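Here is a structure to walk through. Keep the sequence and the model side by side as you read.

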Amino acid sequence: YRSSINRSYYAVYCVVTSVLGERADFAYDGNNPAHDQLEPLILNIGKLPRSDRYDLSKIVRRLRAARVSSDYVPTDVIDKPTAVQAYRDVEQAFEILGVNQ
């Protein structure tokens, strides 16, 4: 389940940075934004309704926290319900961003 959490976060990260790449300048010579910069950038995606931006921001926050927990805190329990929630978050993020799965 731990690797699925990681993959869920990075799937959303890649799609969000792809959408943002059309509208934002990133630090580090134009590479993707740092993980802590992602949420503020999401809140400024003008083409999305405000409620979608807030929902997407919450999804990214939740997935990032789960990824950090699964990757760096071996004592944290990462179980099937955690992985299923991450999958649902990916589905919702893709829906918000209009990505066909």
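This is a predicted model: local features need pLDDT of at least 70, side-chain atom pairs count only at pLDDT 80 or more; totals for chains, interfaces and linings use all residues.

Now turn to Tyr9. Tyr9 counts as buried, with 1% relative accessibility. The rings of Tyr9 and Tyr10 form a pair. Their centres are 5.0 Å apart and their planes meet at 75°. Planes over 60 degrees apart count as edge-to-face, so the Tyr9 and Tyr10 pair is edge-to-face.

Tyr9 also pairs with Tyr13. Here the centres are 6.0 Å apart and the angle between the planes is 35°, and the pair is tilted. Both residues belong to helix α1, which spans residues 2–21. Tyr9 and Tyr13 are 4 residues apart there, so about one helical turn separates them. Tyr13 is buried too, at 7% relative accessible area.

Tyr9, Tyr10 and Tyr13 are linked by ring pairs into a cluster. The count of aromatic pairs is 3.

Next, step back to the chain. It has 5 helices and 0 strands, in the order α-α-α-α-α along the sequence. Of its 101 residues, 36% are buried. Among contacts with a separation of 6 or more, 63% join residues 24 or more positions apart. The accessible surface is about 6,200 Å², and carbon and sulfur atoms account for 48% of that surface.

Notes. Residues are numbered from 1 along each chain as its sequence is written. Side-chain values use heavy atoms; hydrogens and water are left out. Rings of Phe, Tyr and Trp (its six-membered ring) pair if their centres lie within 6.5 Å; planes under 30 degrees apart count as stacked, over 60 as edge-to-face and the rest as tilted. Buried means under 20% relative accessible area, exposed over 50%, partly exposed in between (1.4 Å probe, protein chains only). Helices (H or I, at least four residues) and strands (E, at least two) are DSSP runs, numbered from the N terminus. Contact means heavy atoms within 4.5 Å. Accessible areas come from the Shrake-Rupley method with a 1.4 Å probe; for residues, only the protein chains shown count as cover.
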